[in-house]
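Please study the sequence and the three-dimensional structure shown here before reading further.

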Amino acid sequence: MRSSVQHAEILSDGDLDLVSGGMKWTPGTKNADVVDARGGQVQVLFWNITFDVNGKLSSITPK
């Protein structure tokens with residue numbers, strides 16, 4: 001099995017200069033439309049389960 005790191009390519013300075021956007025995070029902010037999946041996700045049968053950065057359950061949604 002290959003990991004995504006093995007498929008990654010090194011970005012040049014020119015590539016990085018073209019990137020715009022990003023993520024803004026304000027501590028304590030809650031938004032029901034945003035799922036915190038920084039801790040990863042797994043698929044079990046017909047469900048997607050996500051975890052927050054602390055490893056706590058963040059959401060369970062149908063696949």
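Two residues are in contact when they have heavy atoms within 4.5 Å. In the protein chain, residues 24 or more positions apart account for 2% of the contacts with a separation of 6 or more. This is a predicted model, in which local features need pLDDT of at least 70 and side-chain atom pairs count only at pLDDT 80 or more, while totals for chains, interfaces and linings use all residues. Residues are numbered from 1 along each chain as its sequence is written, and side-chain values use heavy atoms, with hydrogens and water left out.

The protein chain contains 2 helices and 3 strands; helices (H or I, at least four residues) and strands (E, at least two) are DSSP runs, numbered from the N terminus. Along the sequence they follow the pattern α-α-β-β-β. Of the 63 residues in the chain, 8% are buried, where buried means under 20% relative accessible area, exposed over 50%, and partly exposed in between (1.4 Å probe, protein chains only).

Consider next the strands, which pair if DSSP finds at least two bridges between them. Strand 1 and strand 2 run antiparallel and are joined by 5 bridges; in one of these pairings, Gln-41 has Thr-50 of strand 2 as its bridge partner. These two strands form a hairpin with 2 residues between them, and Leu-45 in the turn has a positive phi of about 55°. Strand 2 and strand 3 are likewise antiparallel, with 5 bridges, and Trp-47 has Pro-62 of strand 3 as its bridge partner. Their hairpin has 5 residues between the strands, and Gly-55 there takes a positive phi near 85°.

Is Asn-48 buried or exposed? This residue of strand 2 is classed as buried because its relative accessible area is 17%. The Asn-48 side chain makes a polar contact (a pair of N or O atoms within 3.5 Å; within protein, one must be able to donate a hydrogen and the other to accept it, and residues adjacent in sequence count only if both atoms are side-chain atoms) with the side chain of Gln-43, at 3.3 Å. Leaving aside neighbours within four places in sequence, the contacts of Asn-48 include Val-42, Ser-59 and Ile-60.

Phe-46 lies in the loop between strand 1 and strand 2, and Phe-46 counts as exposed because its relative accessibility is 66%.
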